[in-house]
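Visitor: Could you take me through one part of this model in close detail? I'd like the salt bridges, with the cut-offs spelled out.

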Amino acid sequence: MRLLVEIFIIAGLIYLGWEQPFKEQVDQVRAKVTGKQTQATPQKLTPAPRPAPKIVPGMVHDPSVPRGAWRLDPTHRSTLDAPAHDSPSPHY
């Protein structure tokens with residue numbers, strides 16, 4: 001029962017803070033209580049310049065091959081794969 005109440009409380013806090021941060025809600029309540037109207041000046045957001053991509057020798061990606069294609073390659077073998085039937089396996 002206690003777990004259910006805790007889940008409802010957490011879900012309620014997430015619901016209340018989803019659209020508007022709690023700090024803004026507290027500021028609005030304080031403004032109503034004190035009677036002061038705070039004028040928030042809208043700030044212009046300018047995007048930060050994107051840094052040039054680092055070029056690391058040996059890390060070349062061919063754009064024609066999708067990333068992660070090696071995982072779908074049926075001929076790709078790793079140390080975690082089961083040994084093939086024709087390969088000798090040591091018996092302990």
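Guide: Happy to. Lys-23 forms a salt bridge with Asp-27, and their closest N and O atoms are 3.5 Å apart; the term means a side-chain nitrogen of Lys or Arg within 4 Å of a carboxyl oxygen of Asp or Glu. This is a predicted model, where local features need pLDDT of at least 70, side-chain atom pairs count only at pLDDT 80 or more, and totals for chains, interfaces and linings use all residues. Residues are numbered from 1 along each chain as its sequence is written, and side-chain values use heavy atoms, with hydrogens and water left out.

Lys-23 and Asp-27 are separated by about one helical turn because they lie four residues apart in helix α2 (residues 22-34); helices are DSSP runs of H or I with at least four residues, numbered from the N terminus. Lys-23 counts as exposed at 60% relative accessibility, whereas Asp-27 is partly exposed, with a relative accessible area of 33%. Here buried means under 20% relative accessible area, exposed over 50%, and partly exposed in between (1.4 Å probe, protein chains only).

The structure holds two salt bridges. In the other, the side chains of Arg-2 and Glu-6 meet at 3.1 Å, N to O. Arg-2 and Glu-6 are four residues apart in helix α1, so about one helical turn separates them. Arg-2 is exposed, with a relative accessible area of 66%, while Glu-6 is partly exposed at 35%.

As for confidence, pLDDT is the predictor's confidence in each residue, from 0 to 100. It is highest in α1, at a mean of 91, and lowest in helix α3 (residues 69-72), at 74.

Definitions and conventions
Helices (H or I, at least four residues) and strands (E, at least two) are DSSP runs, numbered from the N terminus.
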